[in-house]
Amino acid sequence: MSTFNTRCPSCSGVNRVPTERVTESPKCGKCQSPLLDGAPVEGTELNLDAILQSDQPVVIDFWASWCNPCVGFAPVFSDVASERSQNVRFVKVDTESQQNLAAKYQIRSIPTIMVFKHGKRVDMINGALPKSQFDQWLNQALTK
């Protein structure tokens, strides 16, 4: 059985999740909060493929801490993640610490936001957006 580690969005505890059970709404072993709903999850080489196989659409924000537009967009991404936690999974991939993922998804500028359904990319946009425009773009992307 393969597993991946992910941080709890509530208590920051590290949890090991079996990849076969990612669709069963895993909970934190420490605080019992949902691991993959609500706040964006940290995407890594170890967990991203499993998360992308979710029945729910997945939205990924490729970012870096030195990128001012990325830092400015982070609260927008978190707000939308919180509002849509029941229907969509949100993931943040730090392109500095996850350089292999940045290469795999051919990230050329940041922030880059991608939407996946059943492991397949259905839409992508580059650049930070205000919340209303991000919501509008996401609504369109999710219908594809």
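Strands E1 and E2 make a hairpin with six residues between them, and Ser12 in its turn has a positive phi of about 65°. Helices (H or I, at least four residues) and strands (E, at least two) are DSSP runs, numbered from the N terminus. The model is predicted, so local features need pLDDT of at least 70 and side-chain atom pairs count only at pLDDT 80 or more, while totals for chains, interfaces and linings use all residues. Residues are numbered from 1 along each chain as its sequence is written, and side-chain values use heavy atoms, with hydrogens and water left out.

Asn5 has Arg16 of E2 opposite it. In general, strands of a sheet pair through backbone hydrogen bonds, either parallel or antiparallel.

Turning to the chain as a whole, the secondary structure comes to four helices and seven strands. Along the sequence these elements follow the pattern β-β-β-α-β-α-β-α-β-β-α. A box of roughly 35 × 30 × 30 Å, taken along the principal axes, is filled by the C-alpha atoms. Of the 144 residues, 47% count as buried, where buried means under 20% relative accessible area, exposed over 50%, and partly exposed in between (1.4 Å probe, protein chains only). The accessible surface comes to about 7,500 Å², and 46% of this belongs to carbon and sulfur atoms; the areas come from the Shrake-Rupley method with a 1.4 Å probe, and for residues only the protein chains shown count as cover. Among contacts (heavy atoms within 4.5 Å) between residues at least 6 apart in sequence, 59% join residues at least 24 apart.

An open sheet is formed by five strands in the order E3-E5-E4-E6-E7, with mixed pairing. Its edge strands are E3 (41-42) and E7 (120-126), each of which pairs on one side only. E6 and E7 run antiparallel and are joined by six bridges; Lys117 has Lys120 in E7 as its bridge partner. Two helices lie across strands of this sheet. Helix H2 (residues 68-83) lies across E4, E5 (89-94) and E6, and runs at about 160° to E5. Helix H4 (residues 131-142) lies across E4, E5, E6 and E7, running at about 30° to E6. For these angles, axes are lines fitted to C-alpha atoms, for helices over the stretch in contact, and angles run from 0 to 180 degrees between N-to-C directions.

The aromatic side chains come next. The structure holds seven aromatic pairs. Rings of Phe, Tyr and Trp (its six-membered ring) pair if their centres lie within 6.5 Å; planes under 30 degrees apart count as stacked, over 60 as edge-to-face and the rest as tilted. Phe62 and Tyr105 form a tilted pair, 5.7 Å centre to centre with 45° between the planes. Phe62 belongs to strand E4 (residues 58-63) and Tyr105 to the loop between helix H3 (99-104) and strand E6 (112-117), so this pair ties together parts that are 43 residues apart in sequence. Phe62 counts as buried because its relative accessibility is 0%, and Tyr105 is also buried, at 14%. Tyr105 pairs with Phe116 as well: the ring centres are 5.8 Å apart and the planes lie at 85°, so this pair is edge-to-face. Since Phe116 lies in strand E6 and Tyr105 in the loop between H3 and E6, the parts tied together are eleven residues apart in sequence. Phe116 is buried, with a relative accessible area of 3%. One aromatic cluster is made up of Phe73, Phe77, Phe90, Phe134 and Trp137.

Finally, some backbone details deserve a look. Most residues other than glycine have a negative phi, and most peptide bonds are trans. The peptide bond from Ile110 to Pro111, however, is cis, with omega near -5°, and Pro111 is located in the loop between H3 and E6. Gln32, in the loop between E2 and E3, has a positive phi near 70° and is partly exposed at 48% relative accessibility. His118, in the loop between E6 and E7, has a positive phi of about 50° and counts as exposed at 53% relative accessibility.

Definitions and conventions
Pairing = 2+ DSSP bridges.
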